[in-house]
Amino acid sequence: MENLLPALDLLMQPAVLVALLIGSVGGVVIGAIPGVGPAVAIAILLPTTFIFEPLVGLSLLLGIYGSSMYGGALPAILMNTPGTAVNALTTYDGYPMTRSGNAQRALGLAYSASFFGAVVSIVALVLLMPVLAKVAPMFGSREIFLAALFGIILMILTHRGQVFAAGMMTCFGILLNTVGMEPINYTQRFTFGQSWLSSGVNLVVVVLGLFALSQAFLLLSGSDKHVEPQKVSGSIFSAMREFWQHKRVAAVSSSAGVGIGIIPGVGEFVSQFVAYSYASRTSKTPEEFGKGAPEGLIASEAANNSVPAAALIPLLALGVPGESLTAMMLAVFYVHNVVPGPQLLTQQMDFVMALYIALLLLNVFALLFLLASTRTLIRVIAIPNRIVGTLVLMFSFVGVYSLRNSLTDCLIATGFGLFGAILKRLNIPIVPIILGMVLGGIMEAKFRSAMTRIQSPLDLFDRPISAVLILAIIGLLILAARSAVQQYRERCT
């Protein structure tokens with residue numbers, strides 16, 4: 001509690017509150033436009049946040065990250081088109097409710113479940129904060145190295161059916177991180193005598209290319225055809241009251257989001273399917289799932305909105321981002337020389353507490369904005385794709401050029417944009433590239449630091465946490481190998 005008042009002092013700065021308001025409202029609007037999504041918006045805004053104080057920049061990005069899923073539920077329910085990728089499961093039961101004339105009921109349940117999941121995750125993590133502050137200092141260089149390795153392996157294995165592609169993209173990201181001047185002995189790596197490669201491949205340039213420019217190219221190359229959203233009539237508040245009839249499903253789904261969101265490399269999709277499967281198995285009417293079951297809609301929205309706060313835990317406690325959006329936020333920390341990790345939790349707890357209060361406020365702002373402007377946002381959904389693509393393209397190049405006033409960065413971003421568009425067309429995941437760049441850099445730095453204290457390979461496991469992480473990695477690989485063998489046998493029979 002002694003950190004609460006300093007945290008409120010940090011948060012009550014006008015610039016922080018304005019950033020939160022803009023981020024939360026902007027995140028809802030961005031999420032409501034199919035084809036854009038929070039990754040594109042954060043990639044575009046990332047360069048501009050470098051000129052602000054850390055809390056201001058992070059509040060803006062957190063606002064977009066945390067509130068985009070609220071907006072993404074709108075087209076998912078009204079048009080059967082998810083506004084963001086993580087709202088795909090919302091279409092299963094949300095759109096059938098709309099088709100049966102209950103659009104306002106579906107929206108009310110979605111808003112309530114989203115807000116409930118977010119609040120549960122924030123409260124749970126604030127209560128866990130003292131424990132994290134005690135555990136985090138136990139992580140030295142070797143533990144953080146193993147945690148990053150565990151995150152990479154887990155992230156690759158969660159891409160079921162695309163494990164090889166995800167592994168290749170991760171290795172490509174690690175390779176990109178090694179380009180440029182090596183930080184210990186200051187030798188050139190993979191520059192091939194080109195001076196423009198000596199400073200390395202900038203993470204923000206790659207992010208803007210792979211996420212923003214690639215999406216702009218796809219939007220511009222596609223058609224402007226869209227499905228007209230269904231009209232909303234009736235009171236959304238009555239549906240929000242109905243939410244409390246399904247509080248058990250909401251509580252379990254939110255808990256799943258918190259527990260799974262903490263694990264690096266997993267994220268919203270796994271938590272959603274776990275929550276949806278639980279809701280289906282325990283429902284008295286499982287035959288309604290996929291046809292407009294309120295429990296299915298609540299499970300999906302509560303689970304995905306409880307992940308953002310949880311995903312910050314490995315970032316703040318260990319400096320290890322769990323997915324692409326928190327990897328982008330890590331760049332804001334580094335620019336301002338704020339190093340996330342054990343020292344942040346022990347020395348700057350007021351800053352961490354301010355971030356969690358900011359998460360709570362942004363959810364309040366997002367919910368109030370949605371209740372006041374749902375019918376207006378329906379018009380935003382119908383914006384033609386090519387207009388959206390043109391705006392994304394313009395703002396992306398402005399963001400890239402503003403980094404270092406370099407046309408070379410614009411050309412590099414364009415190359416990654418074309419590469420990202422090809423990967424998206426082929427349905428090859430691009431998130432592993434970003435995580436490979438970020439986690440690869442962390443692994444290299446921590447491994448080199450740990451090697452000064454290691455005399456033999458057994459020294460890697462001589463501490464409890466490192467031993468647990470090694471056993472977890474080995475167990476994960478064994479389970480993955482068993483699953484691959486079983487699938488091979490099933491195909492052969």
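**Exercise 1. Helix α20**

How many residues does α20 have, and how far does α20 reach from its first C-alpha to its last? Then list its buried residues and find the helix's part in a salt bridge and a pocket lining.

*Solution.* The model is predicted.

Step 1. Take the length. α20 has 21 residues and reaches 29 Å from its first C-alpha to its last.

Step 2. Apply the burial cut-off, under 20% relative accessible area. The buried residues of α20 are Pro-432, Ile-433, Ile-434, Leu-435, Gly-436, Met-437, Val-438, Leu-439, Gly-440, Ile-442, Met-443 and Ala-450.

Step 3. Glu-444 sits in helix α20, residues 431–451. Glu-444 forms a salt bridge with Arg-189.

Step 4. Turn to the pocket. α20 gives 8 residues to the lining of the second largest pocket, the largest share.

**Exercise 2. The salt bridge**

*Solution.* Step 1. The cut-off is a nitrogen-to-oxygen distance within 4 Å. The count comes to 1 salt bridge.

Step 1. Identify the pair. Arg-189 and Glu-444 have their closest N and O atoms 2.8 Å apart.

Step 2. Arg-189 is in strand β2, residues 188–189, and Glu-444 is in helix α20. The pair is 255 residues apart and links distant parts of the chain.

Step 3. Check burial of the arginine. Arg-189 has a relative accessible area of 19%. Buried means under 20%, so Arg-189 counts as buried.

**Exercise 3. The second largest pocket**

What is the volume of the second largest pocket? Describe its lining by position, element and class.

*Solution.* Step 1. The volume is about 1,100 Å³.

Step 1. Count the lining. The pocket is lined by 44 residues. Asn-177, Tyr-334, Val-438, Gly-441 and Ile-442 lie nearest its centre.

Step 2. Assign elements. Those giving two or more residues to this lining are α7 (141–157), α8 (163–178), β1 (180–181), α9 (203–221), α15 (324–335), α16 (342–347), α18 (385–404) and α20.

Step 3. Sort by class. The lining has 25 nonpolar, 13 polar and 6 charged residues.

Step 4. Cross-check with Exercise 1. Val-438 and Ile-442 are among the buried residues of α20.

**Exercise 4. The cavities**

How many cavities of 30 Å³ or more does the structure hold? Describe the largest cavity.

*Solution.* Step 1. There are 3 such cavities. The largest has a volume of about 50 Å³.

Step 1. Name its lining: Gly-66, Ala-118, Ser-121, Ile-122, Asn-305, Pro-308, Ala-309, Leu-359 and Asn-363.

Step 2. Assign elements. α6 (103–135), α14 (307–318) and α17 (349–381) each give two or more residues. The largest share, 3 residues, comes from α6.

Step 3. Sort by class. The lining divides into 5 nonpolar, 4 polar and no charged residues.

**Exercise 5. Positive phi**

Which residues other than glycine are reported here with a positive phi?

*Solution.* Step 1. Recall the background. Most residues other than glycine have a negative phi.

Step 1. Take Phe-190. Its phi is positive, about 55°. Phe-190 lies in the loop between β2 and α9. Phe-190 is partly exposed, with a relative accessible area of 46%.

Step 2. Take Asn-427. Its phi is near 60°. Asn-427 is in the loop between α19 (407–425) and α20. The cut-off for exposed is over 50%, and Asn-427 has 54% relative accessibility, so Asn-427 counts as exposed.

**Exercise 6. Ser-59**

Is Ser-59 buried or exposed? Name its contacts.

*Solution.* Step 1. Ser-59 is in helix α4, residues 54–79.

Step 1. The relative accessible area of Ser-59 is 0%, so Ser-59 is buried.

Step 2. Leave aside neighbours within four places in sequence. Ser-59 is then in contact with Val-16, Ala-19, Leu-20 and Ala-358.

Conventions. Residues numbered from 1 in each chain as written. Predicted model: local features only at pLDDT ≥ 70, side-chain atom pairs only at ≥ 80, totals over all residues. Heavy atoms only, no water. 1 Å grid on protein atoms, 1.4 Å probe; cavity = no way out; pocket = protein on both sides within 12 Å on 5 of 7 lines; lining within 4 Å. Points joined across faces, edges and corners; volume = space filled by probe spheres on them. Helix = DSSP H or I, 4+ residues; strand = E, 2+ residues; numbered from the N terminus. Nonpolar A, V, L, I, M, F, W, Y, C, P; charged D, E, K, R; others polar. Buried < 20%, exposed > 50% of the residue type's maximum accessible area, 1.4 Å probe, protein only. Contact = heavy atoms within 4.5 Å. Salt bridge = Lys/Arg side-chain N within 4 Å of Asp/Glu carboxyl O. Expected span 1.5 Å × (residues − 1).
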